[in-house]
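Reader: I want to learn to read salt bridges and helix packing in a model. Can we work through one case?

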Amino acid sequence: MPPKKNTIQIHPVFILALVLVIYAGGVVMIKQYYQSTAAIVALGLIGIGTSWMISNYLSLKPLGNLLRQIKQHHAGVDPDIPLENRGRLTLEMTREFNRLNGEIVRYINKASSTRGKIKQCVWNQTKDLRIECKQLKKHALTDNLTGLPNRGYLDDYAEKLVEMARKSKTDLACIMVDVDNFKTVNDTFGHAVGDDVIVFTAEILNACIREKDFCARYGGDEFVLLLPECAQAMAQRVAERIRGHFMREVPNLIFDSIARLNQEGKGMQCVDIKEINPFIPSLSIGLAMLDSKQSADVAELRKMADTALYRAKESGRNCVIAI
């Protein structure tokens with residue numbers, strides 16, 4: 001048996017402390033004698049690299065020893081480790097493996113948690129964006145006062161209804177409604193009462209049409225109805241029903257609106273409904289048809305309905321004219 005060599009084992013912590021002392025001394029010397037930022041940065045990089053190599057040495061050396069011993073064992077060579085030290089090294093390796101395994105598990109859990117938080121954050125923001133986009137689209141296509149589709153929505157939807165009528169070879173009725181003397185209502189009772197009249201008109205229109213029919217506020221005191229699969233006689237009955245309902249209910253509507261505003265201190269001092277009668281508005285209605293034999297487009301259909309409405313106005317208002 002060859003004699004054992006006397007070797008001096010230096011603890012790695014002592015080596016790290018020595019390197020740090022030398023590094024700190026170097027920093028002081030460079031800062032004192034070499035007032036150069038580049039030199040300080042260079043020394044800093046060297047220090048970081050040295051620290052990194054030492055930390056890797058301290059953490060990976062036991063793993064290297066273990067791998068070397070495993071290779072020797074499989075090759076049939078006894079590991080060159082004294083017998084009395086093998087148990088201690090095995091315990092150290094086990095601890096090192098457990099430590100590294102614990103760090104890996106922590107990193108995996110942290111990454112999974114971060115990924116889950118990012119996924120939830122992205123989902124929440126996407127949900128909020130979908131809601132905002134839906135609200136913006138609704139606001140862009142809806143009249144704020146009545147809640148009816150606005151003219152922009154009407155233009156798009158009318159094209160679809162005309163195309164459907166052509167394909168199915170069915171009739172499509174277009175009704176234009178205008179509130180007569182609406183400016184007088186605003187000038188006499190105020191815009192708040194005028195707004196109530198507009199909202200009331202929209203409610204009557206919706207109440208008098210079918211679920212598949214379309215109603216939109218065209219602008220100001222004008223409304224447009226589109227009635228698919230509706231013959232002219234039926235469309236004229238709908239228009240007359242709208243006009244009659246409006247004339248029966250609008251006086252009470254204006255009286256109640258004035259009373260409410262008076263109670264709030266914002267209205268006129270009208271207490272008798274008879275005082276309102278001279279200013280009661282009515283409806284002029286124009287009706288145009290797109291039958292299965294016509295090839296008119298949306299613009300032509302609307303123009304025909306507008307011509308019919310103009311004739312209703314010229315005929316004394318408060319009537320329905322069909323062309």
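**Salt bridges and a helix pair**

Author: The count comes to ten salt bridges. The rule behind it asks for a Lys or Arg side-chain nitrogen within 4 Å of an Asp or Glu carboxyl oxygen. Keep in mind that this model is predicted.

Reader: How far apart are the closest N and O atoms of Arg217 and Asp143?

Author: They are 3.2 Å apart, and the two residues form a salt bridge. This pair links distant parts of the chain. Arg217 is in strand E2, residues 214-219. Asp143 is in the loop between helix H3 (83-141) and helix H4 (151-168). The two residues are 74 residues apart.

Reader: Is Arg217 buried or exposed? And what about Asp143?

Author: Compare the relative accessible area with the cut-off: buried means under 20%. Arg217 has 15%, so it is buried. Asp143 also counts as buried, because its relative accessibility is 15%.

Reader: Which residue forms a salt bridge with Lys313?

Author: Asp178 does, and the closest N and O atoms are 2.2 Å apart. Here too the pair links distant parts of the chain. Lys313 lies in helix H8 (residues 298-314). Asp178 lies in strand E1 (residues 172-179). They are 135 residues apart.

Reader: Which residues are linked in a network with Lys313?

Author: Asp178 and Asp180 are linked with Lys313 in a network of salt bridges.

Reader: How do Lys313 and Asp178 read for burial?

Author: Asp178 is at 7% relative accessibility, so it counts as buried. Lys313 is partly exposed, with a relative accessible area of 23%.

Reader: Now a pair within one helix. Where do Arg243 and Glu240 sit?

Author: Both are in helix H7, residues 232-263. They are three residues apart, so about one helical turn separates them. Arg243 forms a salt bridge with Glu240. The closest N and O atoms are 3.1 Å apart. Glu240 counts as partly exposed, at 32% relative accessibility.

Reader: H7 also packs against another helix. At what angle do H6 and H7 pack?

Author: The angle is about 145 degrees. Helix H6 spans residues 191-208, and the axes of H6 and H7 are 9 Å apart. Read the angle between N-to-C directions, on a scale from 0 to 180 degrees.

Reader: Is the crossing of H6 and H7 left-handed or right-handed?

Author: H6 passes H7 in a right-handed crossing. Sorted by class, the residues in their contact are 15 nonpolar, three polar and four charged.

Definitions and conventions
Residues are numbered from 1 along each chain as its sequence is written. This is a predicted model: local features need pLDDT of at least 70, side-chain atom pairs count only at pLDDT 80 or more; totals for chains, interfaces and linings use all residues. Side-chain values use heavy atoms; hydrogens and water are left out. Helices (H or I, at least four residues) and strands (E, at least two) are DSSP runs, numbered from the N terminus. Buried means under 20% relative accessible area, exposed over 50%, partly exposed in between (1.4 Å probe, protein chains only). A crossing is left-handed if the near helix is turned anticlockwise from the far one by less than a right angle, and right-handed if clockwise. Ala, Val, Leu, Ile, Met, Phe, Trp, Tyr, Cys and Pro count as nonpolar, Asp, Glu, Lys and Arg as charged, and the others, Gly among them, as polar.
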